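Me: I am new to reading protein models. Could you take me through one, feature by feature?

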Amino acid sequence: MSTHSDDRYYVPHGSHWPVVGSIGLLFLMVGVSTWLNGAAPGFYIMLLGFAIMIFMITGWFGTVINESVNGLYNSQVDKSFRQGMFWFIFSEVMFFAAFFGALFYARNMSIPWLGGDSNNFFTNLLLWEGYESTWPSNGPGNVGGDYDVMGPFGLPLINTALLLTSSVTLTIAHHALIEGKRLQVNIFLAATFILGFIFVYLQGVEYMHAYNDLNLKLTSGIYGSTFFMLTGFHGMHVTIGAIMLTIIWFRVIKGHFTADNHFGFEAVAWYWHFVDVVWIGLYVFVYWM
Amino acid sequence: MTTAVADTLEEHHDDHGPAKGIGRWLFSTNHKDIGTMYLVFSLCMFFIGGAMAMVIRSELAIPGLQFVHPEFFNQMTTMHALIMVFGAVMPAFVGLANWMIPLMIGAPDMALPRMNNWSFWILPVAFGILLSTLFMPGGAPAGGWTMYPPLVLQTGDAFPFLIFSVHLMGISSIMGSINVIVTIINMRAPDMTLLKMPMFVWTWLITAYLLIAVMPVLAGAVTMLLTDQFFGTSFFLAAGGGDPVMFQHIFWFFGHPEVYIMILPAFGVVSEIIPTFSRKPLFGHDSMVYAASCIAFLSFIVWAHHMFTVGMPFTGQLFFMFATMLIAVPTGVKIFNWVATMWRGAMTFETPMLFSLAFVFLFTIGGFSGLMLALAPADVQYHDTYFVVAHFHYVLVPGSVFAIMAGAYYWLPKWTGHMYNETLGKIHFWTSTIFVNLTFFPMHFLGLAGMPRRIPDYSTQFADFNTIASIGAIGFGLSQLLFVAVLLTSKRGAKATAEVWDNPTTLEWTVPSPAPFHTFDTPPKLDDSVGFH
């Protein structure tokens, strides 16, 4: 096993995974588009694209893990990975910002204006007579029909507790890794992704409840739109995060990480904390206020 | 698995030349090869988008409908914009960044070379999908590149393809930007402090930050369009409590930083070229850095000046008007510094310098018409007229595109190892400059007289200026073939020295021309002559 020293730069050899990824994206995007346009084969093209993407991700990460385990990377490469992950998470934050922006705009601008606020007296009188602005709202057209609001207590509160606890267990696992307590890492990391998967499951239960009992749907006006798009994208990120944590768990068992060299672990941990922070924003602004 | 890694190790150590065949390009991890691919891709898109502009100008050459259906005309304006913005200008700057940033900061390559390759290879997929919409039932998107609902929701089968191609462009830009930032922060030669960095590197650092901040917002906005169309959400539906105007807010929160994404690297290129051909260091290097940072910050709080006529509270109009005009201050700093760099310099006028000088003049014209548009009460008159078209084409064509051309001529000897044909370059410059003004200057008058944009026909009172603009456009389009001629003959010129120009100061001129496949395997030592003080 050779180790690359810090006084020489490391440049990786060529790789076919990027092009495989592009082909995967091509099938995925063309598949989804044709499917949405109502052509049945689109669904299968989409699945094929998805499969290629999974194949690419496993292959690409596999290559990088092999190179890392075999000591090809120096501390500069490690720093590049860290900074890259940081900026990736920043881009994710901005993606959620767009949807939070939509939520705030709807609550503070469009709904009050439809109710005649500011200088919109005639908007209300001529177009939406009798509509009084409130939040939550499915708009003056009562789009999606009457519904009940998803309150902040019950499942959402339990989910908040689960996710916050999972951040704590993850931090304990991280400290244990630094101190070399292998068993403790295994247990607390497992606890973290199990809590994550329970969260996803309960979110599913909550969605069933919303659809079946509350008549609260994606189509329930702007409230339904923002509720399901925000919690949906968040849930998707939790799912991805929990899968990543599971993989990291297996990697811990295989002994991939040392006390001072465990970027993969930390990257996923950052991601998990990011998902956690987004949830706090969701809980406050979507469920609670 | 272990043997595979051993092979990898071998391969790495022996990897001192380019791979053979198509694999060199498909599997590349070399910043120079990837930079070349970006630049060639961008040039192809420039001609495809340019051909669409030719369709537009041919139709508008005389009043009445002659060549194309109005629906197809609208597809042309929409696709021309999308292709030029995301396919030509942005990839050209990413190509320059790929080629030059590692050379300018003494790095061996980009920080994340494989991701770099993926950033590029997503683009052909994205634009393949986008261009394929021209052949779909209902045609290509025709609602304008801004994709405003509810109009864009009337797009035919092309609609989801439009959305997903925008997603792909965004993914590509974000990955490219992450790479640029990490390269600049983490891969600089040990003595290259932040304020010693060349301006091109600085402007790209700021641009990359803007890209990571706003491309995901665009992705969010088009995702909302998609769910509104197919999954029954109400983001842009007033009956459901949403608002079509909300799309415009989210879009322009992306859109305004986006216009600085297309001009900041241009500032950087020009800030490299003017000192070289004035034989003086850049005047006020640090103030240029601060000015670019100010522009970047302000770009986040001016978006609604694109929407003065759509309806917003009076205080909103005031705020966005004043914030927008504030941008004139840092931009003025930059223009002042370029002029002060030239002041009493021993100037010569090779093609890169000519393009840069034209940039300073003509971009300033575009900047001033921008100030006029920033005035909320005046904008009510100018909005959606050819005055707007004149404004943004002045900042994008003799602005961004001229800076790209200037950069290409400036660094071409470093890329090919040969001097390009200077005479041909100068002819390219003069024809481009004359025709670009012939095309876009009359549009100011058309707009002030009230000619609306995005229409295939117009009142006969606008005929003369439109004919002049169309002649200019055809001339400008043909002039660009000269650039292709310059590129095709670029290997025939005299051998270039490492320095190429007269005592340029940045690091890329310390490596041989053409730059070897791998440069700076070990960190270079900087002497006092490098960088700015």
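Me: Is A:Asn215 buried, partly exposed or exposed?

Reply: Start with the rule. A residue is buried if 20 or more other C-beta atoms lie within 10 Å of its own, exposed if 12 or fewer, and partly exposed in between, with C-beta atoms placed from the backbone. A:Asn215 has 14 other C-beta atoms within 10 Å, so it is partly exposed. A word on the source: this is a predicted model, where local features need pLDDT of at least 70, side-chain atom pairs count only at pLDDT 80 or more, and totals for chains, interfaces and linings use all residues. Residues are numbered from 1 along each chain as its sequence is written, while chains are lettered from A and ligands numbered from 1 in the order in which they are written.

Me: Where is A:Asn215 found?

Reply: First, how elements are named. Helices (H or I, at least four residues) and strands (E, at least two) are DSSP runs, numbered from the N terminus. A:Asn215 sits in the loop between helix H6 (182-214) and H7 of chain A. Its phi is positive, about 55°, although A:Asn215 is not a glycine.

Me: What is the phi of B:Arg344, and where is its place?

Reply: B:Arg344 is not a glycine either, yet its phi is positive at about 60°. Look in the loop between helix H12 (328-342) and helix H13 (351-374) of chain B. B:Arg344 counts as exposed because it has 9 C-beta neighbours inside 10 Å.

Me: Which peptide bond in chain A is cis?

Reply: Read the omega angle. From A:Trp135 to A:Pro136 the peptide bond is cis, with omega near 0°. A:Pro136 belongs to the loop between helix H4 (121-127) and helix H5 (155-179) of chain A. In chain B, a cis bond joins B:Ser513 and B:Pro514, with omega about -5°. B:Pro514 lies in the segment after helix H17 (463-488) of chain B.

Me: How many helices and strands does chain B have?

Reply: Chain B has 17 helices and zero strands. Its radius of gyration, taken over C-alpha atoms, is 23 Å, close to the 24 Å from the globule rule for 533 residues, so chain B is as compact as a globular protein of that length. That rule is 2.2 Å times the number of residues to the power 0.38. The C-alpha trace of chain B spans about 65 × 65 × 45 Å along its principal axes. Of its 533 residues, 57% count as buried.

Me: How many residues of chain A are in contact with chain B?

Reply: Contact has a cut-off: two residues qualify if their C-beta atoms, placed from the backbone, lie within 7 Å. Here 61 residues of chain A are in contact with 63 residues of chain B. On the chain A side, H3(A) gives the most, with 21 residues.

Me: Which residues touch the most other members of the largest nonpolar core?

Reply: A nonpolar core is a set of buried Ala, Val, Leu, Ile, Met, Phe, Trp, Tyr and Cys residues joined through C-beta atoms within 7 Å. The largest has 244 residues, and those touching the most other members include A:Ala102, B:Val201 and B:Phe359. Leaving aside neighbours within four places in sequence, B:Val201 is in contact with B:Ile101, B:Met104, B:Ile105 and B:Ile184.

Me: Is A:Val77 buried or exposed?

Reply: A:Val77 is buried, with 23 other C-beta atoms within 10 Å. Find A:Val77 in helix H3 of chain A.
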